[in-house]
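Work through the following exercises with the sequence and the model at hand. Each task is followed by a solution in steps.

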Amino acid sequence: MAADSEPESEVFEITDFTTASEWERFISKIEEVLNDWKLIGISSGKPLEKGVYTTGAWEEKSDEISFADFKFSVTHHYLVQEPGDRDGREEGVEDALPLPMQDLLCMNNDFPPRAHCLVRWYGLREFVVIAPAANSDAVLSESKCNLLLSSVSIALGNTGCQVPLFVQIHQKWRRMYVGECQGPGVRTDFEMVHLRKVPSQYTHLSGLLDVFKSKIGCPLTPLPPVSMAIRLTYVLQDWQQYFWPQQPPDIDALVGGEVGGLEFGKLPFGACEDPISELHLATTWPHLTEGIIVDNDVYSDLDPIQAPQWSVRVRKADNPQCLLGDFLNEFFKLCRRKESTDEILGRSAFEEDGKEVADITHALSKLTEPAPVPIHKLSVTNMVHSAKKKIRKHRGVDESPLNNEVLNTILLFLFPDAADKLAEGFESRASTSSGSNPPPENEDYNLFSQFKSAPSDSLTYKLALCLCMINFYHGGVKGVAHLWQEFVLEMRYRWENNYLIPGLANGPPDLRCCLLHQKLQMLNCCIERKKARDEGKRASMSDRSPGGSSGDAGKGADSGDNLKETDKEVGKSWESWSDSEEEFFECLSDTEDLKGNGQDNGKKGGAKEGSKEPVNLKPEGRLHPHGKLTLLHPGEPLYIPITQEPAPMTEDLLEEQSEVLAKLGTSAEGAHLRARMQSACLLSDMESFKAANPGCCLEDFVRWYSPRDYIEEEVVDEKGNVVIKGELSARMKIPSNMWVEAWETAKPVPARRQKRLFDDTREAEKVLHYLAIQKPADLARHLLPCIIHAAVLKVKEEEVLEDISSVKKIIKQIISHSSKVLRFPNPEDKKLEEIIAQIMSVEAIIARARSLKAKFGVEKCENEEEKEDLQRFVNCLLEQPEVSVLGAGRGPAGSVIHKLFVNAQRISAVPPLDEELRRSGSADERRLNTGSMSDFPPPTGREIILRTTVPRPAPYSKPLPQRMYSVLTKEDFRLAGAFSADTTFF
């Protein structure tokens with residue numbers, strides 16, 4: 001057995017040499033990728049049109065392969081062509097050169113401004129690159145390079161692929177490639193040289209021609225002519241201080257006496273530095289033949305002024321400092337602050353000492369005593385304003401974040417009605433300035449509803465702009481906290497003294513606006529109700545006769561004030577108190593006809609028959625008779641009652657209310673309680689109706705409140721007469737519905753004696769408390785939509801002056817994006833940053849347009865035709881990577897560019913050197929040298945493309961395209977050669 005097992009063990013040790021090696025697997029993977037991408041067979045296509053490499057779309061697709069454990073990425077780069085251009089790889093003339101070899105000789109797309117480096121160097125429309133997958137990996141050794149090239153060559157031969165295949169070698173930053181392209185009986189080798197220091201013999205055309213010819217090694221004695229394309233690039237940098245039109249804003253002038261307060265309502269705009277850092281002028285000789293020009297180490301015919309083609313590109317400054325962008329970013333940073341106003345300003349700001357403290361504590365102690373206290377002396381306003389005076393007294397000028405001059409300017413801008421606080425004049429202006437004018441109907445004005453900000457003429461919008469400016473120029477977050485503190489004090493002062501807040505539209509809070517704007521509108525509603533009520537009570541005290549009360553008094557008192565409740569309230573002004581119910585009643589009952597008559601428009605609701613009220617009650621709270629309608633049972637005229645107006649609500653109150661109602665659940669008890677809560681307004685109207693119409697029944701109420709729920713029909717009675725009989729609708733006859741219950745519980749109480757549906761005192765205090773507890777970060781969050789709104793309006797205003805089509809598109813995108821983001825509460829910071837970045841990009845584009853206009857003297861140009869040409873040229877520079885100059889150096893734009901270079905050269909030139917140049921050389925040479933040297937600096941980049949078609953390697957071989965590209969800059973020298981050879985017999 002042992003003897004038998006020995007040969008078996010030897011069999012297992014035999015190595016199978018038919019197994020594929022790692023190298024073979026690698027070649028197989030390359031072939032597999034080429035097959036998957038359908039790059040097999042003869043490539044066909046039309047000759048490329050001029051400029052298609054720049055205007056056309058380039059696409060790429062990638063895959064990953066590995067050689068043992070070393071990973072490579074394979075990427076296919078190609079110009080997207082029409083479907084017909086890429087069809088039929090298998091069809092084509094057998095002897096035709098592969099498409100990439102034809103592209104080597106094509107002159108329509110030399111020096112494309114924006115393309116892959118291999119496209120610029122070799123003029124290819126399609127190629128595949130194999131490169132190390134990791135950025136840190138590199139193919140450094142020569143043996144590995146050769147191994148990869150061999151793999152590529154075998155894969156191309158096996159598959160018949162005619163697309164060039166490149167391998168990236170050395171570190172990636174060097175952009176070194178070697179490659180190969182194969183066709184039927186032909187092969188092109190792509191080679192490259194990259195040096196840091198340039199050999200002196202290669203700095204000019206004649207030296208490069210020698211290299212090219214020696215590399216071709218053409219056996220023909222008269223070498224076919226070499227065609228050349230040459231581009232020299234000149235860079236202009238020294239222009240910022242001479243041509244930048246915008247000066248940074250004068251910060252002192254913003255608050256000094258020179259500029260009015262209206263300056264606070266504007267956002268700044270523009271770049272503080274030149275947003276265009278460099279201008280690159282490329283002078284091109286596209287079609288030259290060897291021998292036409294001379295360019296060697298001692299002399300050159302390449303004068304940029306004589307170049308047939310000029311093209312310009314501008315280099316934009318990286319993130320130029322722009323005023324609007326800085327304002328937005330600094331304001332946005334406020335949103336991330338955590339400090340409260342007290343922490344920023346210091347709690348000592350509200351501390352009092354000495355006599356005034358004693359007075360206040362004494363006053364507060366009196367509030368708990370049973371004895372009556374003169375309420376007007378205990379006004380919260382008096383306390384707050386005495387504290388305000390002490391703040392200013394204790395806080396020195398240096399300590400205060402905002403000096404008085406700045407603060408007063410801002411407050412007068414925000415509250416223009418406060419300029420003259422004389423009694424009648426102030427009140428009349430306050431009432432008229434509260435936004436009663438209809439808003440202008442235009443797209444820009446209505447942006448606030450999309451952004452959920454505030455109208456551009458509102459107090460909230462102005463406040464946002466002022467806070468933004470304070471944050472940037474006057475003390476940062478401390479200045480913001482100080483101004484907000486003053487603003488809240490002003491709000492309380494206006495509430496206490498019945499002064500309406502200017503810059504707010506009349507009516508309930510506008511839910512399309514930001515919450516802060518809604519809160520201010522709510523406060524204005526409270527002031528309006530309180531003011532009307534107080535004026536009514538003053539009028540009733542001064543004149544109790546029927547004609548002695550004013551319309552405002554009647555309207556204000558309707559809004560309702562339960563005296564039993566108000567007797568318990570503390571902190572109201574003296575005018576808010578009434579001596580007796582009788583006085584209150586007489587004042588209001590005689591002004592019923594001045595109540596708004598909008599109640600008879602058919603409020604929705606329903607009821608069923610209820611109990612009748614005693615007829616012997618005195619009617620109260622009547623507005624006017626309801627047409628010819630009479631009560632069903634007493635037969636007296638039906639009167640429309642004075643009712644309470646529904647309570648205005650802000651979005652947070654609505655949300656709070658909906659949450660409470662939702663928490664009641666879906667049970668019968670919960671539904672019943674929910675209905676009772678929602679019927680408060682209905683109950684109030686029923687009580688008012690009963691008071692105005694003693695002896696009425698539910699049907700009477702329904703006929704006024706919801707006419708559609710009272711169905712009338714003609715019937716014939718016993719005597720044969722046609723009579724009209726009415727009854728409640730079916731939905732009102734549901735047993736125990738809320739309308740019947742409400743009617744049964746309603747008592748005949750006029751609106752003025754009911755509990756107020758809208759307690760303006762409580763709501764105002766809630767608003768003032770809400771404002772007082774806002775941190776600067778909360779404030780910034782509330783007002784950021786207003787700032788973005790203002791920034792968009794500013795950008796639109798500035799764009800109109802420049803008329804740039806690309807900017808118009810971006811502005812539309814900003815509005816669309818902002819409306820989606822700002823519509824919801826608490827938007828994400830990342831999305832807000834995106835909006836701000838978009839606004840900044842537009843500002844930079846407009847700043848660049850103005851910079852270029854100033855540099856090219858568009859506005860100064862007197863010839864209209866030339867002015868239009870320059871304007872078009874500037875617009876193209878903004879939107880295109882490179883722009884051709886019509887007329888080259890002799891056109892309007894060319895002459896301006898020439899002058900810019902001449903001026904820059906004069907500034908930088910050294911006189912002794914000029915003198916030396918003038919003395920040297922012959923007259924012609926001196927003229928040429930001084931012309932080129934004085935007008936233009938030495939070229940920053942020299943690019944030369946040499947092409948020819950010669951037979952290689954033997955004289956009888958097929959003539960094939962040869963190409964060499966050379967680029968020479970200050971610290972970089974590169975030769976990229978594509979040399980073709982006939983492989984039929986070699």
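**Exercise 1.** How are H11 and H18 oriented to each other: roughly parallel or roughly perpendicular?

Solution. The model is predicted, so local features need pLDDT of at least 70 and side-chain atom pairs count only at pLDDT 80 or more, while totals for chains, interfaces and linings use all residues. Residues are numbered from 1 along each chain as its sequence is written, and side-chain values use heavy atoms, with hydrogens and water left out.

Step 1. Locate helix H11 at residues 323-334 and helix H18 at residues 459-473. Helices (H or I, at least four residues) and strands (E, at least two) are DSSP runs, numbered from the N terminus.

Step 2. Take the axes as lines fitted to C-alpha atoms, for helices over the stretch in contact, with angles from 0 to 180 degrees between N-to-C directions. The angle between H11 and H18 is about 95°, and their axes are 9 Å apart.

Step 3. Apply the classes: under 35 degrees is roughly parallel, over 145 roughly antiparallel, 65 to 115 roughly perpendicular, and the rest oblique. H11 and H18 are therefore roughly perpendicular to each other.

Step 4. List the residues in contact (heavy atoms within 4.5 Å). H11 contributes Asp-326, Phe-327, Glu-330, Phe-331 and Leu-334, and H18 contributes Leu-467, Cys-468, Met-469, Asn-471, Phe-472 and Tyr-473.

**Exercise 2.** How many disulfides does the structure hold?

Solution. Step 1. The structure holds 0 disulfides.

Step 1. Check Cys-181: the closest cysteine sulfur, in Cys-161, is 7.9 Å from its own, too far for a bond. For Cys-526, also in no disulfide, the nearest cysteine sulfur is that of Cys-525, 6.7 Å away.

Step 2. Assign burial (buried under 20% relative accessible area, exposed over 50%, partly exposed in between; 1.4 Å probe, protein chains only). Cys-181 is buried at 1%, and Cys-526 is buried at 0%.

**Exercise 3.** Where does Arg-25 lie, and is Arg-25 buried or partly exposed?

Solution. Step 1. Arg-25 is part of helix H2, residues 22-36.

Step 1. Its relative accessible area of 38% makes Arg-25 partly exposed.

Step 2. Phe-67 is 42 residues from Arg-25 along the chain, and their C-alpha atoms are separated by 7.8 Å.

**Exercise 4.** How many helices and strands are in the protein chain?

Solution. Step 1. The count is 36 helices and 17 strands.

Step 1. For burial over the chain, 48% of the 986 residues are buried.

Technical notes. Disulfide = S-S within 2.5 Å.
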